[in-house]
Amino acid sequence: MPDIPQHVKIDLQGVRARNLAAREIVSALSEAMPYIADLWLRLNSALADSPALVSELSRLTAELVKVRRDRANLAAAGRATLKAAHDADPDPLYYLRDELRAQGHLPPDSWGRS
């Protein structure tokens, strides 16, 4: 993931690799010590949760990146709108409307722009 927020300190590829290594060890040990099969099943079941958690963290991280980008774009549009109003622009709300449309919060305008 190239655009990981700074607060995410988890190496997701490392987590995946360590989980795979642990599952391979459990598999080898379960073959060597079949008399504790119930223990190996419980341990393998616990390890099976990690890939789902890594996938969910990846999805949430991507969603957070998008939300932050949208927020930054709205803030920029707000600043541009205020500057345009200060400069007596005939349509100072253009920047805000344009960004709201780009994010899907407004329908396309009557001139077909989206």
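User: Which residues does Val54 touch, not counting residues up to four places away in sequence?
Analyst: The model is predicted. Val54 lies in helix α2. Once residues up to four places away in sequence are set aside, Val54 touches Leu12, Val15 and Arg16.

User: Is Val54 buried or exposed?
Analyst: The relative accessibility of Val54 is 5%. Buried means under 20%. Val54 is under that cut-off, so Val54 counts as buried.

User: How far apart in space are Val54 and Asp11, C-alpha to C-alpha?
Analyst: Along the sequence, 43 residues separate Val54 from Asp11. In space, the C-alpha to C-alpha distance between Val54 and Asp11 is 9.8 Å.

User: How many helices and strands does the secondary structure of the protein come to?
Analyst: The elements run α-α-α from the N terminus on. The count for the protein is therefore three helices and zero strands.

User: At what angle do helix α1 and helix α2 pack?
Analyst: Helix α1 covers residues 12-32 and helix α2 covers residues 37-86. Their axes are 10 Å apart. The angle at which α1 and α2 pack is about 165 degrees.

User: Is α1 roughly parallel or roughly antiparallel to α2?
Analyst: Helices α1 and α2 pack at about 165 degrees. Angles over 145 degrees count as roughly antiparallel. The angle is over that cut-off, which means that α1 is, relative to α2, roughly antiparallel.

User: Is the crossing in which α1 passes α2 left-handed or right-handed?
Analyst: Helices α1 and α2 have axes 10 Å apart. The crossing in which α1 passes α2 is left-handed.

User: Which residues of α2 does α1 meet?
Analyst: On the α1 side, the residues are Leu12, Val15, Arg16, Asn19, Ala22, Arg23, Val26, Leu29 and Ser30. By class, the contact of α1 with α2 has twelve nonpolar, five polar and two charged residues. On the α2 side, the residues are Trp40, Leu43, Asn44, Leu47, Ala48, Ser50, Pro51, Val54, Leu57 and Ser58.

User: Is Leu12 buried or exposed?
Analyst: Leu12 lies in helix α1. The relative accessible area of Leu12 is 10%, and buried means under 20%. Leu12 is therefore buried.

User: What distance separates the C-alpha atoms of Leu12 and Leu57?
Analyst: Leu12 and Leu57 are 45 residues apart along the chain. Leu12 is in α1 and Leu57 is in α2, and both take part in the meeting of these helices. The C-alpha atoms of Leu12 and Leu57 are separated by 8.6 Å.

User: How far apart in space are Ser58 and Leu12, C-alpha to C-alpha?
Analyst: Ser58 is found in helix α2 and counts as buried at 15% relative accessibility. In sequence, Ser58 and Leu12 are 46 residues apart. From C-alpha to C-alpha, the distance between Ser58 and Leu12 is 8.0 Å.

User: Where is Ala88 found?
Analyst: Ala88 has a positive phi of about 60 degrees although it is not a glycine. At 63% relative accessibility, Ala88 counts as exposed. Ala88 is found in the loop between α2 and α3.

User: Which residues of α3 make the contact with α2?
Analyst: The axes of α2 and α3 come within 7 Å and cross at roughly 160 degrees. That angle makes α2 roughly antiparallel to α3. From α2, the contact uses Asn73, Leu74, Ala77, Ala80, Thr81 and Ala84. From α3, it uses Tyr95, Leu96, Glu99 and Leu100.

User: What percentage of the residues in the protein do buried residues make up?
Analyst: The protein has 114 residues and exposes about 8,600 Å². Among the residues, the buried share is 17%.

Definitions and conventions
Residues numbered from 1 in each chain as written. Predicted model: local features only at pLDDT ≥ 70, side-chain atom pairs only at ≥ 80, totals over all residues. Heavy atoms only, no water. Helix = DSSP H or I, 4+ residues; strand = E, 2+ residues; numbered from the N terminus. Buried < 20%, exposed > 50% of the residue type's maximum accessible area, 1.4 Å probe, protein only. Areas by Shrake-Rupley, 256 points an atom, 1.4 Å probe, with all protein chains shown as cover. Axes fitted to C-alpha atoms, helices over the stretch in contact; angles between N-to-C directions. Parallel < 35°, antiparallel > 145°, perpendicular 65-115°, else oblique. Left-handed = near helix turned anticlockwise from the far one by under 90°. Contact = heavy atoms within 4.5 Å. Nonpolar A, V, L, I, M, F, W, Y, C, P; charged D, E, K, R; others polar.
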